[in-house]
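Please look through the sequence and the model shown here, and keep both open while reading the explanation.

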Amino acid sequence: MVVIGAGPGGLAVAAALGERGLEALVIDAAPRVGSSWRGHYDRLHLHTPRRWSGLPGLPIPRRFGRWVARDDVVAYLEQYSAHHRLRLRLGTRATRVVRGEADSRLVVELEDGTRIGAEHVVVATGYNHTPVDPGWPGQDAFGGDLVFARDYRNGRPYAGRDVLVVGSGNTGMEIATDLAEHGATRVWLSVRTAPHILPRSRMGWPAQATGILVRRLPPRLVDRVAGVLAVVQEPDLTDRGLPKPTTGLYSEVLRGRVPVQDVGIVRAVRQGAVQPVAAVERLEGPDVVLADGTRIAPDAVVVATGYTAGLEGLVGELDVLNARGLPVVHGAHEAPGTPGLWFTGFTNTISGMLRELRIDAQRIARQIEAQRKELSRAGASSRG
């Protein structure tokens with residue numbers, strides 16, 4: 001069995017398989033586990049409580065606090081891998097998964113030319129894999145610094161500078177807040193679609209708890225309930241240039257846009273430290289031209305316009321991706337037409353990504369174990 005990806009999803013699947021006596025080889029292009037977490041910006045914390053964010057077989061240590069910091073997530077993943085004695089092959093990229101020959105259902109091709117046959121392959125390379133390049137007109141000739149969110153660490157290099165952050169998801173909002181707190185002279189936040197903004201917790205009740213309760217309810221019902229709660233839960237920043245969204249909260253989640261967790265952006269906008277502006281239309285020399293015709297001249301632009309899963313090269317030949325480049329199935333369901341191929345970590349959820357990865361891992365492991373037992377019984381019956 002092969003697991004592609006040594007992040008939380010891949011490690012969780014390998015551990016869940018190991019608990020059932022099934023060893024998996026975990027492959028990752030990075031030299032260490034949790035590479036995507038290592039590359040996130042410094043101020044990042046989990047938006048889900050520690051006790052609901054642990055992976056199968058090992059809870060996150062209490063000493064990391066309720067909202068676990070980035071570096072502590074990395075430390076936990078290292079501890080997790082060692083605790084479960086996972087078999088790792090790091091520093092080698094899996095380039096393609098193809099259907100196998102007689103001796104294996106699938107073959108994983110590696111960048112170094114190695115071909116590994118496997119009855120089961122779990123793809124866990126992550127939802128946020130490849131940054132989306134907005135491709136604005138004039139982008140290549142922009143006179144200032146252009147930085148993708150993946151390469152942003154903290155706001156210290158931008159102190160005393162004017163910065164435009166493009167993207168109104170959690171990443172863009174946190175980076176804008178971080179820039180303001182590190183002394184950027186002006187911070188503009190370019191917003192194309194107004195997001196739902198929720199407190200990370202309210203009177204001790206985490207937003208994740210509500211997400212867990214409503215995730216299986218009809219989206220229209222959740223939208224109506226969320227609309228009523230928005231009166232007290234969601235801030236009205238219309239007078240600051242950030243109107244309330246007009247679309248339903250759960251409907252937006254189904255389109256891939258999870259609510260923003262407020263970890264400082266509301267205060268920053270209200271205080272004028274972060275100024276919402278219109279979407280970016282094009283770049284002209286030192287200027288950025290916005291959709292409403294406004295021109296601004298930032299010293300730097302931080303691009304936080306999202307990610308793609310980047311699965312086309314890996315499994316694109318197997319006809320298992322939808323129009324958005326995401327797997328058509330995940331969790332306990334094998335890919336249609338490709339027995340033995342599984343996916344985890346490619347859904348946006350309001351019930352907590354790490355929680356869903358834990359559930360997916362346990363379901364995948366149970367299904368693989370059941371298949372192995374069925375084959376064993378069939379073999380014993382044929383011999384009898």
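The model is a predicted one, and a search of the whole structure finds three cavities of 30 Å³ or more. The largest cavity, with a volume of about 60 Å³, is lined by Pro195, Ile197, Glu234, Pro235, Leu237, Leu242, Pro243, Lys244 and Pro245. By class, this lining of the largest cavity consists of seven nonpolar and two charged residues, with no polar ones.

The second largest cavity has a volume of about 50 Å³, and the residues that line it include Pro8, Leu46, Ile60, Tyr76 and Leu354. Helix H3 gives the most to this lining, supplying four residues, and the classes represented around the second largest cavity are nine nonpolar residues, one polar and one charged.

Is Thr349 buried or exposed? Thr349 counts as buried because its relative accessibility is 17%, and the cut-off for that class is under 20%. The side chain of Thr349 makes a polar contact of 2.7 Å with the side chain of Ser351, and, when residues up to four places away in sequence are not counted, Thr349 touches Val258 and Glu356.

Two residues deserve a look for their backbone angles. Most residues other than glycine have a negative phi. Arg85, although not a glycine, has a positive phi of about 50°, and its place is in the loop between helix H3 (70–83) and strand S3 (87–90). With a relative accessible area of 76%, Arg85 is exposed, since the class of exposed residues begins over 50%.

Asp319 likewise has a positive phi, near 60°, in a residue other than glycine. Asp319 lies in the loop between helix H9 (312–315) and strand S22 (341–343), and it is exposed, with a relative accessible area of 67%.

Conventions
Residues numbered from 1 in each chain as written. Predicted model: local features only at pLDDT ≥ 70, side-chain atom pairs only at ≥ 80, totals over all residues. Heavy atoms only, no water. Helix = DSSP H or I, 4+ residues; strand = E, 2+ residues; numbered from the N terminus. Buried < 20%, exposed > 50% of the residue type's maximum accessible area, 1.4 Å probe, protein only. Polar contact = N/O pair within 3.5 Å; in protein donor to acceptor, adjacent residues only side chain to side chain. Contact = heavy atoms within 4.5 Å. 1 Å grid on protein atoms, 1.4 Å probe; cavity = no way out; pocket = protein on both sides within 12 Å on 5 of 7 lines; lining within 4 Å. Points joined across faces, edges and corners; volume = space filled by probe spheres on them. Nonpolar A, V, L, I, M, F, W, Y, C, P; charged D, E, K, R; others polar.
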